[in-house]
Amino acid sequence: MELGLVGLGKMGGNMRERIRRAGHTVVGFDRNPDLADVHSLEELVGKLKGPRVVWVMVPAGAATQSTVDELAELLEPGDVVVDGGNSRWTDDEKHAEELAAKGIGFVDCGVSGGVWGLENGYALMYGGEAANVAKVQPVFDALKPEGAFGAVHAGKVGAGHFAKMVHNGIEYAMMQAYAEGWELLEKVDSVTDVREVFRSWQEGTVIRSWLLDLAVNALDEDEHLDKLRGFAQDSGEGRWTVEAAIDNAVPLPAITASLFARFASRQDDSPQMKMIAALRNQFGGHAVEKK
């Protein structure tokens with residue numbers, strides 16, 4: 001099929017390549033002309049045959065809103081817009097309503113996989129009406145990992161980003177647990193090789209995971225994480241997860257504590273946050289702050 005893809009950064013650029021490898025045509029637009037296939041959204045839409053599917057991979061908030069607004073004026077009834085960024089689920093409901101008024105479908109899709117997605121595939125959580133999802137399905141099939149798992153039609157509009165938000169909240173808590181354990185091991189005199197302790201956990205233990213593998217990678221690059229400052233940014237989805245928990249009276253003590261630990265990292269050179277920063281860099285290519 002043909003796909004318009006808006007936003008060709010770390011995620012979007014690799015997604016374009018993976019979709020093309022599956023045999024589909026991708027017309028990409030980015031504000032950076034060195035990355036783009038076309039020079040404008042209008043040109044992108046003009047190169048696609050109807051019914052069109054345009055996938056948006058730009059930052060949540062104002063950038064997504066302005067892109068959706070412009071596409072609403074360019075697309076035609078029967079076309080579909082996919083928001084694959086990290087938008088809040090309440091924004092999805094708003095965008096779907098705005099586009100539906102013009103006969104344009106909307107699908108929200110949470111995407112996980114970071115810089116590794118090109119080769120390993122992306123975990124996809126999408127929401128929207130079945131008819132709109134069906135128009136995007138070949139792209140979902142191209143992006144997902146091989147095998148039976150890795151993609152889900154999570155429910156109606158907003159469900160995809162809500163599921164991805166909860167995924168990221170869980171990710172916060174898991175990374176925090178590894179970071180706390182690492183700091184405690186580093187603190188005591190009796191443990192003389194913390195890196196190899198972490199490596200030993202990669203097989204046969206109940207806490208083995210891809211995050212643990214990435215922690216070992218980070219320690220191989222910088223055994224005591226001496227090169228990093230103990231600072232880790234929060235993406236916003238951790239906050240939204242805690243806010244949703246409050247709204248629904250669901251206790252999330254571990255996820256909430258891990259979010260607050262990120263805030264603490266802005267006050268002190270936290271050893272735990274060195275590990276969080278290292279993990280975020282390993283799986284997502286997120287920037288780290290050097291000493």
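A crossing counts as left-handed if the near helix is turned anticlockwise from the far one by less than a right angle, and as right-handed if clockwise. I noted that before looking at any helix pair.

I am working on a predicted model, where local features need pLDDT of at least 70, side-chain atom pairs count only at pLDDT 80 or more, and totals for chains, interfaces and linings use all residues. Residues are numbered from 1 along each chain as its sequence is written, and side-chain values use heavy atoms, with hydrogens and water left out.

**Helix 7 and helix 9**

I checked this pair, taking helices (H or I, at least four residues) and strands (E, at least two) as DSSP runs numbered from the N terminus. Helix 7 packs on helix 9 (residues 210-221) at about 45°, axes 11 Å apart. That makes helix 7 oblique to helix 9. My axes are lines fitted to C-alpha atoms, for helices over the stretch in contact, with angles from 0 to 180 degrees between N-to-C directions. Under 35 degrees is roughly parallel, over 145 roughly antiparallel, 65 to 115 roughly perpendicular, and the rest oblique. The crossing of helix 7 and helix 9 is right-handed. Met 174, Met 175, Tyr 178 and Trp 182 of helix 7 meet Leu 211, Leu 212 and Leu 219 of helix 9; contact means heavy atoms within 4.5 Å.

**Helix 3 and helix 4**

Next I looked up helix 3 and helix 4, which pack at about 15° with axes 10 Å apart. They are therefore roughly parallel to each other, and their crossing is right-handed. On the helix 3 side I found Thr 64, Gln 65, Val 68, Asp 69 and Ala 72, meeting Lys 94, His 95, Glu 98 and Leu 99 of helix 4.

In helix 4, I found Trp 89, Asp 92, His 95, Ala 96 and Leu 99 buried (buried is under 20% relative accessible area, exposed over 50%, partly exposed in between; 1.4 Å probe, protein chains only). The buried residues of helix 4 pack against elements including strand 5 (105-112) and helix 10 (237-247).

**Gln 282**

I then went to Gln 282, in helix 12 (residues 271-284). Gln 282 is buried at 9% relative accessible area. Beyond neighbours within four places in sequence, Gln 282 touches Val 115, Trp 116, Leu 214, Asn 217, Ala 218 and Glu 221.

I logged a cis peptide bond from Gly 50 to Pro 51, omega near -5°. Pro 51 sits in the loop between helix 2 (41-46) and strand 3 (53-56).

Leu 225, not a glycine, has a positive phi of about 55°. I find Leu 225 buried, at 1% relative accessibility. Ala 249 also has a positive phi, near 55°, but Ala 249 is exposed at 69%.
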